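Subject: A structure for you to look at

Hi,

Here is the structure I promised to pass on. Please open it alongside this message, and then read on for what turned up in it.

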Amino acid sequence: MSRDWVAASVRARALARRRLGPAGARRLAASAGADEAISTLADTSYGHDVRVGDSMATAQHGIGAALLWNLRVLGGWVPRTGVPALRALAAAFEVANIEEHVRSLHAEPSGPTYRLGSFATAWPRVVATTSVHDLRTVLATSAWGDPGGDGTRTISLYLRASWMTRVAGTVPMTRPWMQSAAALLMTRERMLGSRAIPESVLDGIEPLLGAGWRDVPRASSGIGDLPDDIGWVLSGVSGPQDLWRAEASWWRHVEREAFGRLRGSSFDEVPAVAALAVLATDAWRVRAALETAAGRRDDLELFDAVA
């Protein structure tokens with residue numbers, strides 16, 4: 001046990017306590033409109049990146065930026081041996097950035113990107129590209145690899161699958177989370193996708209789910225046999241209408257397990273990863289609360305069912 005890990009673990013637990021929590025998120029959801037909710041949110045720990053007067057889209061992005069900021073703060077506390085785990089987790093924001101850049105290259109509506117700082121890998125080269133061909137060339141020479149297609153959907157699915165596989169391989173405690181997330185992602189694509197899942201995506205997700213599920217018919221309610229420790233995520237999913245509940249169940253499951261790890265006494269990468277999982281769940285819940293306040297979700301009962 002090193003002094004650096006002790007300091008990082010203490011810092012991680014302190015950051016986790018700054019979350020809004022289910023009760024705070026519900027109060028946010030009960031606001032009299034989006035403007036009131038955003039103003040309230042700006043007066044919390046999310047105020048680092050959410051400002052009074054922000055639009056809904058800007059505030060939603062600010063929630064993610066606040067999560068990334070906490071990740072970068074932890075990056076300044078962990079010893080060198082902990083950096084690979086945080087870098088793998090931070091790659092989710094690089095995926096989001098690349099997705100926005102791909103949309104802009106396709107002349108599709110795109111949003112703002114995140115400031116990755118030292119956690120950037122391929123992004124500085126990707127953002128300089130002016131064509132999808134050049135973007136794929138950059139990705140092919142990076143840790144991401146070639147997505148195998150030019151379409152927005154193909155590149156997005158490939159990067160998400162690659163990220164899940166990378167995190168599972170770099171941060172062992174997250175492997176069941178990434179496997180169940182991959183199962184949920186593939187099930188969503190089976191049910192809602194109008195086209196077959198690209199082979200590059202199937203190859204990228206195989207280390208997490210195996211190869212047996214490839215032959216399951218498209219639009220099926222499942223993706224094949226899954227181990228008991230991850231098969232729960234698809235319990236009760238019989239059609240597209242059940243996917244939102246499955247996603248909510250996944251977040252709650254991750255949050256419960258992460259809290260269990262935070263209550264432990266270890267001084268290593270576990271508290272840092274667990275704290276980030278708790279904060280990521282909080283960010284997901286807060287985003288849902290803003291949508292409820294803005295009238296984009298039906299009512300508070302639906303929010304309660306999700307969160």
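Predicted model: local features only at pLDDT ≥ 70, side-chain atom pairs only at ≥ 80, totals over all residues.

Residues are numbered from 1 along each chain as its sequence is written, and side-chain values use heavy atoms, with hydrogens and water left out.

**The tryptophans**

Back to Trp251, which has a ring partner in Trp284. Their ring centres are 5.7 Å apart and their planes are at 15°, so this pair is stacked. The two residues bring distant parts of the chain together: Trp251 sits in helix α12 (residues 243-262) and Trp284 in helix α13 (residues 269-293), 33 residues apart. Rings of Phe, Tyr and Trp (its six-membered ring) are paired if their centres lie within 6.5 Å; planes under 30 degrees apart count as stacked, over 60 as edge-to-face, and the rest as tilted.

Trp284 is buried as well, with a relative accessible area of 13%. Trp250 is buried too, at 11% relative accessibility. Together, Trp250, Trp251 and Trp284 form one aromatic cluster.

How many aromatic pairs does a search of the whole structure find? The answer is 3. One of them joins Trp250 and Trp251: with ring centres 4.9 Å apart and planes at 80°, the pair is edge-to-face.

**The overall picture**

The protein has 14 helices and 0 strands. Its radius of gyration is 19 Å, close to the 19 Å that the globule rule gives for 307 residues, so the protein is as compact as a globular protein of that length. The radius is taken over C-alpha atoms, and the rule is 2.2 Å times the number of residues to the power 0.38. As for the helices and strands, they are DSSP runs numbered from the N terminus (H or I, at least four residues, for helices; E, at least two, for strands).

Along the principal axes, the C-alpha atoms fill a box of roughly 50 × 45 × 45 Å. Of the 307 residues, 51% are buried. Among contacts with a separation of 6 or more, 65% involve residues 24 or more positions apart; a contact means heavy atoms within 4.5 Å.

The protein exposes about 13,900 Å², and carbon and sulfur atoms supply 51% of that area. Accessible areas come from the Shrake-Rupley method with a 1.4 Å probe, and for residues only the protein chains shown count as cover.

Ala107 is in the loop between α5 (83-105) and α6 (123-126). Its phi is near 60°, a positive value in a residue other than glycine. Most residues other than glycine have a negative phi. Ala107 is also exposed, with a relative accessible area of 70%.

Another loop residue is Ala128, found between α6 and α7 (132-140). At 59% relative accessibility, Ala128 counts as exposed. From Ala128 to Ser200 is 72 residues in sequence and 24 Å in space, C-alpha to C-alpha.

Is Thr187 buried or exposed? Thr187 is buried, with a relative accessible area of 0%, and it belongs to helix α9 (residues 175-192). Its C-alpha atom is 8.6 Å from that of Leu243, 56 residues away along the chain.

Arg166, in helix α8 (residues 152-170), is partly exposed at 21% relative accessibility. Leaving aside residues up to four places away in sequence, Arg166 touches Ala88, Ala91, Ala143 and Trp144.

Finally, Asp304 lies in helix α14 (residues 300-306) and counts as partly exposed at 38% relative accessibility. Asp304 and Arg26 are 278 residues apart along the chain, and their C-alpha atoms are separated by 7.6 Å.

Enjoy exploring,

A colleague

Key:
Buried < 20%, exposed > 50% of the residue type's maximum accessible area, 1.4 Å probe, protein only.
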